[in-house]
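Please examine the sequence and the three-dimensional structure shown below. The report that follows describes selected features in turn.

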Amino acid sequence: MATASPPFISTLNFTHSSFKNTSSSSFSPKLLRPLLSFSVKASRKQVEIVFDPDERLNKIGDDVDKEAPLSRLKLFSPCKFNVFLRITGKREDGFHDLASLFHVISLGDTIKFSLSPSKSKDCLSTNVQGVPVDGRNLIIKALNLYRKKTGSDRFFWIHLDKKVPTGAGLGGGSSNAATALWAANQLNGGLVTEKELQDWSSEIGSDIPFFFSHGAAYCTGRGEIVQDLPPPFPLDLPMVLIKPREACSTAEVYKRLSLDQTSNINPLTLLKNVTSNGVSQSICVNDLEPPAFSVLPSLKRLKQRIIASGRGEYDAVFMSGSGSTIVGIGTPDPPQFIYDDEEYKNVFLSEANFMTREANEWYKEPASANATTSSSESRMDFQ
C-alpha cells in the first residue's frame, strides 16, 4: 500500500471485525503495533509502508488455537418480553419487587467470541453506533465478572452484531451479558456450572439470570429469582414487535410509578390462567404501562391504534417491560397505518416467535430473521 508522505493508512482488514476507513489524523498506529508487521521502503520523494495484517493476525489465531481446544464461538443472543408484569412493592434497597412471566423470543443479536492473545483487555466491536464498547457494556462487565469469580486470565475479541433495539424493554443488553458468561465458560473449558453463572449474573443486572432458564420462567424479587416453567404457549405462535424511535427512560418510568394505582390481581392467578388458557388481553397486565404512557403519551396512542386497527387479529396487545416496544400476539403483521402514516415511518418492526433452549446448550439462531432496523454504521473501537 503506497501513499504520499506523511504516511496515510486508508483501510485495515481485520479477520474478526470491520474497521472504518481511518485517516492519519485519527488513527493511532501504536494500538495495532503488536498485530501488524511493517516494512518500510524510502526514496527522496515518498515513503512506502507495506504491511500484511491478515497474515499476522491469522498466525496469532493459529497460535491461540494450539493452546486451547476451543478458541472461537458464534452465539445467538435472543431477547425477551414480559407476558405480564406486576410490581408488588418497593424494597429497602431502592429497587422494586416484581412478579412476571418472562419468555424468550426469536429476535436477537449475534455475538462472535475469539480468544485474544492479550492478557490485559478485551476488544469489543459492534455494528451499531452509540452502543458502548468499553466497560459500560454489559458484555465487558460479564467477562470481567467471570474472570473475577474463576481466576481465569483469558481475554477476548468480541463482535456484537446488534439487531435488538436499545431502550426497547426487551432485555437485549441482559441477554448479551448472559451470552458472554456462557461463552467465557465454554472458552475456558467449562470451569463452572450453569447454576453458578446464573447466580453470579445478578450482580450486574436483575434480568440476566432469566436467560439461564430454558426460555420461560416466573421471575420474582428484582427479577433475579427464576422459576423455570414448561413452555406455556405454542412456539410457533406468531407476533409482531413495534417500537417507535422514542425510548422510555426506565428510571423515569419507575419515578412516575404509583403503587396504589397498580393492578390488584394476584400474579399467581395470572400465571395459573396463562398456563391453563394461553395468552389473552386480560392476562397481559403490565403495571409499568401507565407511568410509561405518562412519560411518552404517543406510546399509549400507538397501543390504542394497534388494538383498534387489528380487527380482532391480535390475541393481546401490550407493552414489554418499561417500554417502548408494543407487542401484538396472534399475527406477524402490523396494522396498515404503520406503513401509511408519516409519524411511524421510522419505527422498528420485527416478526417473532416464542423460543426455548435445550439443557446444556445455548439458544439456537432461527433459520430466518425478519427484523427491520434503521440504518447502522459498522465500526471498531478499542477500550
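Predicted model: local features only at pLDDT ≥ 70, side-chain atom pairs only at ≥ 80, totals over all residues.

In which kind of crossing, left-handed or right-handed, does H2 pass H4?

## Packing of the helices

H2 passes H4 in a right-handed crossing. The contact involves Leu145, Tyr146, Lys149 and Thr150 on the side of H2, while H4 contributes Leu197, Trp200 and Ser201. Helix H2 covers residues 138–150 and helix H4 covers residues 194–201. The two pack at an angle of about 115 degrees, and their axes are 11 Å apart.

H2 also packs against H3, here at an angle of about 35 degrees and with the axes 8 Å apart. This crossing, in which H2 passes H3, is right-handed. From H2, the residues Leu138, Ile139, Ala142, Leu143 and Tyr146 take part. They meet Gly173, Ser174, Asn176, Ala177, Ala180, Leu181, Ala184 and Asn185 of H3. The contact of H2 with H3 comprises nine nonpolar and four polar residues, with no charged residues.

Strands of a sheet pair through backbone hydrogen bonds, in either a parallel or an antiparallel manner. In this model, an open sheet of four strands shows antiparallel pairing, in the order S10-S11-S9-S12. Strand S10 (316–319) and strand S12 (348–352) are at the edges; each has a single partner strand, so one side of each has no neighbour in the sheet. On average, neighbouring strands of this sheet are turned by 15 degrees against each other, with direction ignored.

The pairing of S10 with S11 can be followed in more detail. Strand S11 consists of residues 326–329, and four bridges join S10 to this antiparallel strand. Within the pair, Ala316 stands opposite Ile329 of S11. Helix H8 (residues 297–309) lies across S10, S11 and strand S9 (239–243). The direction of H8 is at about 170 degrees to S10.

The loop between H8 and S10 contains Arg311. Phi of Arg311 is near 50 degrees, which is a positive value in a residue other than glycine.

Ser324 is located in the loop between S10 and S11. The peptide bond that leads from Gly323 to Ser324 is cis, and its omega is near 15 degrees.

## The largest pocket

H3 gives the most to the lining, with four residues. When the lining is sorted by class, 16 residues are nonpolar, 18 are polar and five are charged.

Technical notes: Residues numbered from 1 in each chain as written. Heavy atoms only, no water. Pairing = 2+ DSSP bridges. Axes fitted to C-alpha atoms, helices over the stretch in contact; angles between N-to-C directions. Contact = heavy atoms within 4.5 Å. Nonpolar A, V, L, I, M, F, W, Y, C, P; charged D, E, K, R; others polar. Left-handed = near helix turned anticlockwise from the far one by under 90°.
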